[in-house]
Every structure is written in structure tokens, then in C-alpha cells.
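Subject: Structure handover

Hello,

Here is the structure for your work. My notes on it follow below.

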Amino acid sequence: MKPDRGLLVQAALSVVISFALALFLRDTAGKLFHVLSLGLGAIILPFLIALVLSYVLRPAVTALEVKGVSQLQAIVLINVTMIIVGGALMILLYPAVTNELNAWQRDLPVYVRTLSGFLDGLERDNAALTRLGLNKELRVFWEHNRPDFFLLAVDLIRVGVSLLIFVPLFTLFLLIDGSRIQRTLIQAVPNRYFESGLIIFYEVHQSLGRFIRGRLFQVVVLFLISWLGFYFVGLPHAWFFGLAVGLAKLVPFLGTALAGIGTVMFAFLILRDWFLVGLTFSTLAFVELIDFVFLVPAVLKRRYSIHPALGMIAIVIGGQVMGLLGMVIAIPVAVILKIIAAEIARHFRGYEGSRHAGEPARV
Amino acid sequence: MSDSFWSNIFRSDSQEKGLSQLLAQVPIFSGLKSRELRALERIVHSRKYRPDETVFQKNDPGVGMYIIQSGSVRIILDAPRKSGFGGNGKNAAKKEDELLLVRLGPGDFFGEASLPDGGPRSATAIADEETSLIGFFRPDLLDLCERDRATGLKVLWNICEVLAVRLRHTNAELTRVRDAQRHLDAKAAPVEASPPESAPSQKVAL
């Protein structure tokens with residue numbers, strides 16, 4: 001089959017732009033991000049959450065507008081609802097969260113002792129493992145990093161209160177002025193690139209919205225399924241591991257693998273029952289099946305996804321540049337770069353090469 | 001003869017007017033209430049062009065339409081394409097190389113055919129002088145249809161009407177051209193059928 005030249009140009013452009021950006025980011029943006037995260041940490045997190053929420057809530061605002069409610073009324077109504085629901089959830093979840101933290105405070109030393117005992121047994125039987133000194137490293141690490149769940153709870157309350165104040169404010173601002181900000185940015189594009197810039201802005205906005213909503217839906221559904229599965233298996237801290245499996249989808253491939261391996265290892269160490277370990281593994285396999293067969297095709301359209309190999313490269317680059325956050329935002333950034341590269345390639349090869357006869361127009 | 005596709009066959013008296021009034025006189029926005037026109041004002045894009053600056057080039061992917069607020073725009077064919085991303089920019093082509101289709105002034109609009117399908121531009125648009133344009137683009141139309149379906153439907157209906165009228169005009173012109181071609185063919189046929197041996201140089205070339 002003759003290779004699609006347009007696709008090759010697009011892939012080559014994506015790779016070149018990604019690497020150039022990564023090289024630039026590694027030296028400058030990494031430090032900049034570190035400074036920003038130190039100085040504006042309290043602002044960046046609520047702003048990022050508000051940005052995500054603005055994409056999640058935008059369809060609800062549109063739905064109310066279609067019903068005849070003015071845009072401002074719709075935004076205020078949705079924001080007030082969000083504050084009420086968010087506050088109610090915090091109040092309702094507070095006892096469950098404190099119970100869970102207490103349970104971790106009580107159980108974690110036991111889990112560490114169990115893991116240490118297991119490693120000790122392995123090292124006794126295997127001289128090579130003894131030389132690796134995993135058990136010793138674990139004990140040293142535990143001594144130096146033993147978490148204080150009381151302090152963690154205080155931190156959670158502080159962050160929660162700050163989020164409850166700032167997130168609705170930022171969300172309100174982004175919902176009301178989001179399109180105006182976008183238009184101001186577009187206005188700044190020179191005439192020469194204006195039409196292309198407009199399409200890129202529109203496509204990025206649309207794809208980010210669909211991507212964020214799709215990913216959140218995926219995380220919530222996978223969290224609920226795995227939580228229920230682990231609960232019925234009898235895995236301690238079922239909701240914590242369910243949440244880990246759900247959130248792991250934010251870092252495709254790597255996150256999923258780590259969450260899966262971690263959960264199965266935990267089940268093996270704590271449950272000490274091959275049948276229950278098998279059930280835990282089956283739950284994870286079922287979750288992956290649901291994700292692969294139903295969720296991925298439904299929520300992440302092909303146009304807004306990237307090739308797994310490119311995804312892995314993006315995650316590695318993101319991890320190198322910004323750590324965990326970089327890994328989480330790697331895929332959306334890669335999708336945005338793909339859109340920009342596709343638009344540049346479309347303009348370089350002209351209209352004729354961009355569409356086949358009878359194919360519907362893009363935008 | 002004016003170009004049916006590009007010239008403003010919907011032209012009415014147009015002077016410098018407010019944006020809302022300017023939009024109201026464009027057939028695509030006719031029949032919109034003042035509330036809807038005000039909403040539209042917030043959607044459209046205002047752009048300024050220098051003399052001889054290209055608005056868009058032939059075969060560029062079409063994104064939407066422009067309304068001339070002030071200044072003038074010439075619609076041409078056969079302008080050599082400038083290299084570079086986007087294809088827009090200060091046009092270096094000589095004006096004598098251009099085939100002028102039409103010159104448009106304040107209140108006129110162009111490029112609306114790309115609103116429904118984002119198809120390729122069929123001609124090049126270049127600002128003649130300092131020109132202010134109001135752009136209404138496909139993403140804005142899609143957004144309007146999503147958020148305010150009644151207004152979106154009116155605009156879509158108007159686009160259909162404008163394109164139908166343009167099509168009818170183009171069809172009438174095509175028929176006229178075909179008739180003229182047939183007439184010329186008929187005149188040329190006897191000459192070709194019996195070329196006088198004594199005068200071969202009189203053969204008509206078409």
C-alpha cells in the first residue's frame with residue numbers, strides 16, 4: 001500500500017516539534033515550573049482544577065442556554081450548584097476520609113513489617129537478593145519517610161478549604177470570560193496566519209474539551225468498577241486502590257501497569273490467599289476489558305487520540321520535564337501538538353492534498 | 001460583466017454604519033432581531049488590512065466569510081502564490097498579472113461559500129487600500145448553532161438563500177456563455193466545412 005505522504009509529514013512534524021519543545025522545556029520551563037510551583041502553588045492547583053471544570057461544565061451551560069436561559073444566569077446557576085454539591089460532598093466524605101486515614105495510620109506499619117518479613121524470607125533463600133539489600137533499603141526508607149497521617153489530614157483540610165474558595169471563583173471567571181480570552185488571543189494572530197490560527201484554536205479547544213471530559217468519565221467509571229470489585233474480593237482499603245486504578249488512567253500504559261502491579265502485590269502480601277489474589281487480578285483484567293471495549297471507543301475518539309508509541313514517548317518526555325504532572329499532561333499536550341502539526345501540514349500541502357473526493361470537510 | 005459568484009448582487013446603499021447595522025444589511029444576517037445582532041457582534045472578528053495585503057488566496061482551505069466595514073477588496077484570479085505558511089501576506093504579484101473578477105466596497109461581503117463546507121477558496125482576495133473587515137467563520141457559526149439554535153437556523157437558512165441565488169445567477173451566466181459559444185460555433189462551422197482553396201489564411205481559430 002502506498003504510504004500516505006500527508007500522514008508521514010504530520011508524524012515527522014509532530015516528532016520534530018515534540019523534541020524541540022522537550023529540549024527547550026528541559027532547560028527553561030522545568031526551572032520556571034519549579035519556581036512557579038513554589039510561589040504560586042496555592043493558585044496553580046485551583047486554576048488547573050477550574051480549567052478542567054470549565055471544560056466539564058461548558059456542555060451544561062450550553063444545554064441551559066438552549067433552554068432559553070441567558071449565558072450569565074446559566075453560569076451562575078451551575079457554579080452555585082457546584083459549590084453546594086462540592087461542600088455537601090466534603091461534609092459527607094469527611095468521616096469516611098478521616099476513618100480511612102486512621103486506618104492507614106494503624107495499618108501501614110503492619111503492611112511495611114509484612115513486606116519486610118516477606119523480603120527477609122526471600123533474601124534468606126537467595127544470596128543474590130541479599131546482596132541487593134532491598135529489605136535494608138525498605139527499612140531505612142520507612143524510618144526516614146514514615147508519614148504522619150494527622151499532619152496529612154490537616155494539610156488536606158487546608159487544601160480543601162482553599163479549593164472551595166478559589167476553584168468556584170476561577171471556574172466562574174473562565175466560564176464567563178473564557179471565550180473572550182480566546183478571542184483576544186486570536187485577535188493577536190497576524191493576518192498572515194489568522195485563518196490557520198483560528199482553526200488551530202478551535203480544534204485545540206474542542207479536542208481538549210472532549211479529551212478532558214472523556215478522561216474524567218473514564219477515571220470515574222473505572223474507579224467505581226474497581227472499587228466495587230476490590231470491595232467484594234475483600235481487599236482492605238478497596239476505595240483507595242479503586243481510586244488508584246482509576247487515576248492511573250491519567251498516565252496511560254505506565255500508570256495502568258504500576259497501579260495493577262501494586263494492587264496485585266498488595267493483595268498477595270496481605271490476603272495471602274491465591275484464590276483472592278486471582279480474584280483481584282480478575283477484577284483488574286475486567287476493568288481493563290471494560291476500558292478497552294467500551295470506554296476508549298466511546299469517550300476518546302480516534303481523531304483526539306495518538307498512536308500508543310507516540311503516547312509512550314510523550315509520557316517519557318513529560319516525566320523527564322515535569323515529573324508526575326508532566327506525565328499526566330503529556331497526552332493532552334501531544335494531542336495539541338498533533339493538531340497544530342496537522343494544520344501546518346495541511347497548509348503546506350495545500351487544500352487538494354488534504355481531502356479526498358467526497359470526504360466531509362474538517363472545519 | 002460582473003462575476004455572479006463573487007460580486008455583491010445583494011448590494012444596497014451602504015455607508016459607514018455601526019457594526020450591528022452593518023451586519024443587519026448583510027443578507028446572511030437579515031431577519032435577525034437586534035438582540036441576536038448584538039450577540040453576533042460578540043462573535044465576529046474585526047481585522048485590519050494594509051493596502052495590497054492578501055486576505056486569502058485561491059485554493060486555501062476556506063474558513064469563513066468577510067464583510068467590508070471600510071476600504072475595498074479586489075477579488076482576482078491567477079495571482080502567483082506567495083510561498084509560506086497560510087499563504088496570506090503582503091502580495092508581491094504585479095497588479096497587471098491579475099485577472100480582476102470584481103472590486104468590492106463597504107457593506108459588501110465575500111467568502112460565504114466556504115461557511116458550510118470549508119471548501120477551497122475559488123479566488124484570491126486582496127485589500128486595495130487600508131481596509132477593515134469583519135470576519136464570520138465556520139467555528140463561530142458552529143458555536144452559534146450549538147448555543148442559540150434559533151439564530152443559528154436563521155443564519156443557515158440565509159446562507160442557503162444566498163448560495164441558491166448565486167447558483168441561479170451563475171447558471172444563467174453559464175447558459176449565456178454556452179449560447180454565445182454555440183452561436184460562435186455555428187458561425188465558424190461553414191468556414192471550417194468548406195475552406196476556400198484560394199484563401200487558406202481565412203481559417204477561424206477559436
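Does B:Arg121 count as buried or exposed? The model is a predicted one, and in it B:Arg121 counts as buried, because its relative accessibility is 3% and the limit for buried is under 20%. B:Arg121 sits in the loop that joins α3 (114–117) to β7 (124–127) of chain B. A polar atom of the B:Arg121 side chain lies 2.8 Å from the backbone oxygen of B:Gly64. Leaving aside residues up to four places away in sequence, B:Arg121 touches A:Glu195 in chain A. Within chain B, the residues that B:Arg121 touches include B:Phe56, B:Gln57, B:Lys58, B:Asn59, B:Asp60 and B:Gly64.

Chain B overall

The secondary structure of chain B consists of 5 helices and 8 strands. Read from the N terminus, the order of elements is α-α-β-β-β-β-β-β-α-β-β-α-α. Chain B has 206 residues, and 48% of them are buried. Of the contacts in chain B with a separation of 6 or more, 82% are between residues 24 or more positions apart.

Positive phi in chain B

Most residues other than glycine have a negative phi. Two residues of chain B are worth a check on this point. B:Asp52, which is not a glycine, has a positive phi of about 65 degrees. B:Asp52 is placed in the loop between β1 (45–49) and β2 (54–56), and it counts as partly exposed at 23% relative accessibility. B:Asn59 also has a positive phi, near 75 degrees, and is a residue other than glycine. The loop that holds B:Asn59 runs between β2 and β3 (64–70) of chain B. B:Asn59 counts as partly exposed, with a relative accessibility of 34%. B:Asn59 is also one of the residues that B:Arg121 touches.

Cysteines

How many disulfides does the structure hold over all chains? The count is 0. B:Cys145 is in no disulfide, and the nearest cysteine sulfur to its own, that of B:Cys160, is 11 Å away. B:Cys160 is partly exposed, with a relative accessible area of 48%.

Nonpolar patch on chain A

Chain A carries a nonpolar surface patch of about 730 Å². Among the residues that make the patch are A:Ile43, A:Phe47, A:Leu48, A:Leu51, A:Phe173, A:Ile181 and A:Leu325. Which helices each supply at least two residues of the patch? They are α2 (41–66), α6 (149–187) and α11 (308–354) of chain A. The largest share, 4 residues, comes from α2(A). A:Ile181 is in helix α6 of chain A.

Regards

Key
Residues numbered from 1 in each chain as written. Chains lettered and ligands numbered in written order. Predicted model: local features only at pLDDT ≥ 70, side-chain atom pairs only at ≥ 80, totals over all residues. Heavy atoms only, no water. Patch = residues over 30% accessible without salt bridge, like charges linked within 9 Å, V, L, I, M, F, W, Y side chains within 5 Å. Areas by Shrake-Rupley, 256 points an atom, 1.4 Å probe, with all protein chains shown as cover. Salt bridge = Lys/Arg side-chain N within 4 Å of Asp/Glu carboxyl O. Buried < 20%, exposed > 50% of the residue type's maximum accessible area, 1.4 Å probe, protein only. Contact = heavy atoms within 4.5 Å. Disulfide = S-S within 2.5 Å. Polar contact = N/O pair within 3.5 Å; in protein donor to acceptor, adjacent residues only side chain to side chain.
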